[in-house]
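Let's take a walk through this protein, one contact at a time. Have the sequence and the 3D view open as you read.

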Amino acid sequence: MLKLLRRIIQEVNVAGDLDEALTIIVSRVREAMVADVCSVYLTDPQDGGQVLMATDGLNPNAVRQVRLPPGQGIVTLVVERAEPVNLDHAAAHPRFLLLPETNETPYQSFLGVPIINHRKVLGVLVTQRRVAERCNDDQVAFQVTVAAALAGAIAHAEASGSITTLLGVLPQTNRRFKGLAGAPGVVIGKALVMNPQIDLNVIPDRRIDDPKTEEETFLAAVEAVRADIRELGQGLSQALSTEEATLFDAYLLMLGSDSLVGKALESIRAGNWAPGALRQTVMEHVRVFRAMEDPLLQERASDIIDLGRRIMSRLVEQDRRTFKYPKRTILVADDVSATMIAEVPAGRLAAVVSMHGSRYSHAAILARAFGVPAVMGLLDLPIAKLEGLEVVVDGYSGSLYLDPSPTIRAEFLRIVQEEKKLMAGLRELRDLPAETTDGCRVPLYANAGLIADMGPSRESGAEGIGLYRTEILFMIRDRFPGEEEQAALFRRVLRAFAPRMVTMRTLDVGGDKSLPYFPIHESNPFLGWRGIRITLDHPEIFLTHLRAMVRASEGLNNLQILLPMVYCVSEVEDTLVLLQRAYRELLDEGCQVKMPKVGVMVEVPAAAYQIGAFARRVDFLSVGTNDLTQYLLAVDRNNERVAGLYDHLHPAVLQTLVHITTLARTHNIPVGVCGEMAGDPMLALLLVAMGVNHLSMNAGCLPRVKYTIRHFSLERAQAILKEVLDFENCTAARLYLDAIMEKEGLSHLVHPV
Ligand code: PEP
Ligand code: MG
């Protein structure tokens, strides 16, 4: 069964469009269930009724003609109940509705199972039989499994507009995709799709003007792969049997074949760029092979994919060197990384769109640092079809409009203009302090990670850098940077902000931040080798890093050092020993350096219970609410499936923050917050009410937070906090805060006007 199921899913995955996918589903499921009929009904987004979208067994002319309004027919009963309906005499059921156009009179038994994705019923998978017999447990289980496995593909089709298009409800323009709000703002720009890993499915089509050059590029890539394979085959010839070695001959044969190379060339000549043409050809071959009965031939599909990937990596490598970035680049990728963002030339990045990740992923954090909107977790985005399309990115609601109609375009242009006005107004606050109306002053610092962040950070009116993420420097290199290289860069950062303080966090990799030259493979990376655990295990790297920081501060003396992912005091003590050593070495070498202040990040729940112990060892604390929330709630900050559960307003998060700030006061140690929570105007106000000593956030959020703090008194903020702490769930707390924003006329700070 499992094999069969896998095969169906594989076939569906390579189907050209939704129509083809549904046709495959009904025919394979009918076969597997030994049924007389298999049909798929999908929910019409307009009226919630069920539309027959594909059938194997009923009258094919009834497809898209049969529509069951809500409440009529057994199919809609499956939707209402959201569970299987298994009948031996369908005609005897009170909800039975005879549909003459389907010719279904002879079928007695009926099994309908709902197709559900994220609690939403997308349609119904139905099998029918002539015999009057209920399906057995195994049959029901199989059909339920198929429906569950296909729900993702159908949700994708629904989101991409394929269903509405098939139903003839909406035109192809204005297709709207809903993801997660990653960074605020609204822009209209052109999509540029980047593909770091070679996933053939996400390679876009792209029109080209010069097929001749494209052909040459393609043939050069094929030739290079042929040479690689020959070399591989020769290298392994001793170790392989003759039979095994023929695999390499088969590869070479395929690379010379007209069906693979010739077909791709045809597509290039028709105007597609080489990677798009290759994806098309490979997928067609895969489809054909997978549909074959002979398991050996089916396996050929994997060989074709392997070859396709090899050629693709050669092509993409070349393409990366010649990327043409549109003026307003909407950077789109399966999983946008910090490196990709850094690759976009200065001034061209207009927005970030990622199929994976959430607001707390580093791509979204970087987008906020650059002040550009981001939409994350768009699992359903048809990424292969986006290249060059005009796209509206709404980072407030987490929506995307492809190919917007003139009306939508005009509406968003209006919002863009309003945004500009808002930002211009906020800029006037630049040199004013962040102070409540009753005189409580809370310094606002910026979070940064690139040299390019320094300008926007200063512009925002930040009083210092509260979190400098040093790992970004490490991520955009192809090896560990040396002491000189690090020191030179750190000095630029320190100088850019002197005499204001710059808090540099020591290298925080692991989790979702990997270095291309230092791969870490773990089944549970967020609970694994991360942050200070790695640097302490590599004193040679850590010492160089600490020396570079301290050296960079010579004569400026505005450096503070922050330690990430600390979970016990010995990590702090071991780091302090290394830091003392670095400091003394530098003094011995004649550097006029001062020992910097040191702080601990409170981002592991265990750290929240050791505030006193840290206070006895370091100078300040900084709460990393991104990780603290993730670990307290057991919700992966990057997982779009559970993004709805990740909430700083969860009572456990708020209580922990109250606990940390209270203990910090008791132990007389300054405490700040440098997670994304600090950049949300109302949440920042709650933190002020808790008594934090400073807040550090992305430069783009800083003016909004300052505006909010200046709007309220500390007394009022404390009263709001008291109310919020009484709520037992996040939704109620959120509604309460939204209502205050609305009443105070502050909603425009977090929603488009
Ligand atoms: C945090 O965890 O809140 C934090 C600021 O660190 P990062 O987002 O870089 O993990
Ligand atoms: Mg963190």
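This is a predicted model: local features need pLDDT of at least 70, side-chain atom pairs count only at pLDDT 80 or more; totals for chains, interfaces and linings use all residues.

Residues are numbered from 1 along each chain as its sequence is written, chains are lettered from A and ligands numbered from 1 in the order in which they are written, and side-chain values use heavy atoms, with hydrogens and water left out.

Start with the layout. The domain assignment gives domain 1 (2–167) and domain 2 (441–749); such bounds come from an automatic or database domain assignment. Taken over C-alpha atoms, the centres of domain 1 and domain 2 are 51 Å apart.

Glutamate 603 sits in the loop between β19 (597–602) and α20 (605–608), while aspartate 627 belongs to helix α22 (residues 625–633), 24 residues apart. Helices (H or I, at least four residues) and strands (E, at least two) are DSSP runs, numbered from the N terminus. Glutamate 603 is buried at a relative accessible area of 2%, and aspartate 627 is buried with 2% as well. Buried means under 20% relative accessible area, exposed over 50%, and partly exposed in between (1.4 Å probe, protein chains only).

On to the rings. The whole structure holds 6 aromatic pairs. Rings of Phe, Tyr and Trp (its six-membered ring) pair if their centres lie within 6.5 Å; planes under 30 degrees apart are stacked, over 60 edge-to-face, and the rest tilted. Phenylalanine 480 and tyrosine 517 make an edge-to-face pair, 5.0 Å centre to centre with 80 degrees between the planes. Phenylalanine 480 is in the loop between α15 (471–475) and α16 (483–497) and tyrosine 517 in the loop between β17 (502–505) and α17 (532–537), so the pair ties together parts 37 residues apart in sequence. Phenylalanine 480 is partly exposed, at 27% relative accessibility. Both rings belong to one aromatic cluster made of Phe474, Phe480, Tyr517, Phe518 and Trp529.
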